[in-house]
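The report below describes pockets and a surface patch, for a reader who wants the cut-offs stated alongside the values.

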Amino acid sequence: MDQYLLNIIFVGLTFALYIGIAIWARAGSTSEFYTAGGGVHPVLNGMATGADWMSAASFISMAGMIAFVGYDNSTFLMGWTGGYVLLALLLAPYLRKFGKFTVPDFIGDRFYSQTARLVAVLCLIIASLTYVIGQMTGVGVAFSRFLEVDKDTGLYIGAAIVFFYAVFGGMKGITYTQVAQYCVLIFAYTVPAVFISLQLTGNPIPGLGLFSDHVQSGIPLLQKLDQVVTDLGFNSYTGHHVSTLNMFLFTMSLMIGTAGLPHVIIRFFTVPKVSDARWSAGWALVFIALLYVSAPAVGAMARLNLIDTIYPQGADAEPLAYDERPEWIKNWEVTGLLKYQDKNGDGKIQYYNDKSEEFAPIASERNWAGSELDVNRDIMVLANPEIAKLPAWVIALIAAGALAAALSTAAGLLLAISSAISHDLIKSCLKPDISEKGELKAARLAMAVSICVATYLGLNPPGFAAQTVALAFGLAAASLFPALMMGIFSKRINNHGAVAGMLTGLIFTLIYIFVYKGWLFIGSTAMLPDDADHWVMGISPLSIGTVGAVLNFIVAYVVSKLTKEPPQEIRDLVESVRTPRGVGGALNK
Amino acid sequence: MPDDIQKNTTESSDTENSAYWSANIRLIRGCLFVWFIVSFGFAIILRPLLADIKVGGSDLGFWFAQQGSILFFLVIIFFYSWRMNKIDHQFDVDDE
């Protein structure tokens, strides 16, 4: 059976499963639409959070980011898992005790201010929308490959499916479909990783294989990898080549962004008790870690296999002839995400670092006129099983898994955006007498608009999927996390302080990002080139969220000190949030 | 509550509760210290100091960056949940 048909069957079957569950559990009342009635077991909730959390960025993009850079991109691994520690220790149990639907609900009540609520809605929408753009990039990559169309067509088809998917299921549909999606995606990620790890190192556990010996050469895998990449003029894989400050800030930004992202926090409203919210964060990380400890192995092994394919006789011998290229290269050429250009006209594929000055003399000695293969980092995970010549069903499986990852997160984010608009903006601020039906309608309309915007911006995204998503984390880190944390851990921060802090963090971060990435992410309007030489103190737009968060804390503290302290009932509210006893169901007031 | 406690607003409205809260804060501090050391410490800032400890083709810092930190994060969360549930019980504020 050919690969195309097999892909369609695998993807079709998994979709039928998700849609079946969504229809079976179709949302009835508004309260169920948002939080599945407040009664999901911590382990199941952890699994669903895992699916919600692991998006196109984790599944499709992250290992590719690590593959092409190595140690320096470990930031993604630590950042996207370490945030759960903050979530479990600093936010989840208290927000669960508070017991309302959404993040702006908490900020609005705790800071006794409609303005604070509105600012929180604004922060939430901007961060989530940026996140969805990254997802759409990933959706485009996945659909273009498995339908064998160019990437823009893939994106349009993907957007349509995400739309139907999110609009017709509520959280309840989503919670149980996400459990199914988690199972599909973790299986799809792990199976090829195990196969490849066995092939290269003989160790079936990818995380251990990464630190084992390479079977073919007998030396440790990482040492072998360092050797072949430096032979082609690239930076060593395990070495540290970027600014330590930037790496620190980037990791921190991803961590506090994780704890500030509304679509993750909202998950912890769906467990029955405060203690369950703590366990739930732990379980979520268990299920996330299953993928995250394999990802660095997938990255390293993909890089090694890629170079092995192009240089079958070793990195210092002749490369592969273009006419003899394997099937996977042809498949990816269709999508436009992998390009070959015969710069020196010898019909062979030279792949090396043509920006390295040390390597330039060697390249000219060999008559190489520039690297001829352009591989988009976002394709690495999907192409990985093909590169390793794994059986066709494994390749179909990874297509299904990638779509599960992208779909589940996009749906969760759209839900967070739509509830922010219909519940926090319209119902709580603009039109309190709106009917339940009207609220649901507004929620669906908001989803439709956000998906159109995200699709448009996803056509020319501000970076690879994982990088765009990292920007969203920076925004959440700078705006929402500090407000949430101070709301719980300080009784002194008042309405003025919180509003000033959130606005400072959000605006500062947004402007810094727009200067390098283009206003409203339209690349042609960028004011400075996006590279280390032009960044202020070497801080990349991906890392700036940490600085924004620090500013947020400082401004909120100073402004609060200068203005009137919060009234007694707010201090009582904080007191009650800190105490688990007396937790109610996650229902509307 | 009388207004004379306003200088000390982080103090709780009842002492039992406040002891509970400071036990929680102490626990959080300890956990966050470990969180910081295994990620920002061993994997980034202190990596050069650990360069001599070899782990399969690279060094300990690399292992912490790509495997170890994640495993420690898991331990931290489950430890905190377990300890915190005991503390809840001890101060009789648990959610039963």
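## Pockets and a nonpolar patch

Among the elements of chain A, H15(A) contributes the most to the lining of the second largest pocket, with five residues; helices (H or I, at least four residues) and strands (E, at least two) are DSSP runs numbered from the N terminus. This is a predicted model, in which local features need pLDDT of at least 70, side-chain atom pairs count only at pLDDT 80 or more, and totals for chains, interfaces and linings use all residues. Residues are numbered from 1 along each chain as its sequence is written, and side-chain values use heavy atoms, with hydrogens and water left out.

A pocket, on a 1 Å grid over the protein atoms alone, is an open set of points where a 1.4 Å probe fits, with protein on both sides within 12 Å along at least five of seven lines, and lining residues have an atom within 4 Å of a point. A volume is the space filled by probe spheres set on the points.

| Pocket | Volume |
|---|---|
| Largest | about 1,600 Å³ |

Of the 41 residues lining the largest pocket, Phe68(A), Val69(A), Asn235(A), Val242(A) and Arg377(A) are the closest to its centre. Two or more lining residues come from each of helix H4 (56-69), helix H5 (74-98), helix H12 (244-260) and strand E2 (373-375) of chain A.

The second largest pocket has 26 lining residues, and those nearest its centre are Gln216(A), Asn305(A), Asp308(A), Thr309(A) and Pro312(A). Besides H15 (295-310), the helices H9 (171-201), H11 (221-231) and H18 (380-387) of chain A each supply at least two residues of this lining.

In the nonpolar patch, helix H22 (residues 495-517) of chain A gives the most, with three residues.

Definitions and conventions
Chains lettered and ligands numbered in written order.
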